[in-house]
Amino acid sequence: ERVRAEAVASFGAAKAGGRLPAAVLADPSPHVRAAAADALAATGRPELASGLERMSALDGPLARGSALLALAKLRGEPLRAPLLELARKVPQWWVRVRAYQAVALLPDGAQSLRAGLNDPDPRVAAAALEGIAASTAPFVDGLLAEMLEDPASVLELAGTAVDAAVESKVP
């Protein structure tokens, strides 16, 4: 399984994901399927995204998360609403994290990520905050300062805010 996943990943490193056989998207290993999604994303060719749609809707958390990121890279803005819907409703925290990471890849994604700060799972909220902090949105510094000053902030979120503030040099 690991060897197959590494072989598929090498197609991504070579930007040759378009040469992968379609069967890798249905491989029994979630690691191989996730590597295939990453390889297809590395091509930058939107016409290769169709095979990822089924994986992004029905697969397990690992491959599904990779498919969501790949679709955001290949299809972009039209996916904002469906990604946000997934981020709010999917029970697996890992898929919600990946959905917010995918939204962060979209133009002006930071504004849409604010909803993730209220996720009940601090890992998901932290992923949304990381996406916001990595953006160039004008509200980032104020939001980070607000989170650092809020005594009710969840520890994981406060830690993420500290890391982001240090990197952006928020006073």
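Q: Which helix holds Ser50?
A: This is a predicted model, in which local features need pLDDT of at least 70, side-chain atom pairs count only at pLDDT 80 or more, and totals for chains, interfaces and linings use all residues. Residues are numbered from 1 along each chain as its sequence is written, and side-chain values use heavy atoms, leaving out hydrogens and water. Helices (H or I, at least four residues) and strands (E, at least two) are DSSP runs numbered from the N terminus. Ser50 lies in the run of residues 50-58, which is helix 3.

Q: Is Ser50 buried, partly exposed or exposed?
A: Buried means under 20% relative accessible area, exposed over 50%, and partly exposed in between (1.4 Å probe, protein chains only). Ser50 has a relative accessible area of 48%, so Ser50 counts as partly exposed.

Q: Where do the buried residues of helix 5 lie around its axis?
A: In helix 5 (residues 80-89), the buried residues are Arg80, Leu83, Leu84, Leu86 and Ala87. Their arc, taken from the directions from the helix axis to the C-beta atoms, is only 155°, which puts them on the same side of helix 5.

Q: Which residues are exposed on the other side of helix 5?
A: The buried residues of helix 5 pack against helix 4 (61-75), helix 6 (93-104) and helix 7 (109-113), where contact means heavy atoms within 4.5 Å. The exposed residues on the other side of helix 5 are Ala81, Arg88 and Lys89.

Q: How are the rings of Trp93 and Trp94 arranged?
A: Rings of Phe, Tyr and Trp (its six-membered ring) pair if their centres lie within 6.5 Å; planes under 30 degrees apart count as stacked, over 60 as edge-to-face and the rest as tilted. The structure holds one aromatic pair. Trp93 and Trp94 form this pair, at 5.7 Å centre to centre and 85° between the planes, which is edge-to-face.

Q: Which residue lies over the face of Trp93?
A: A charge sits over a ring if NZ of Lys or CZ of Arg is within 6 Å of the ring centre and within 35 degrees of the ring normal. At 3.8 Å from the ring centre of Trp93, the residue over its face is Arg123.
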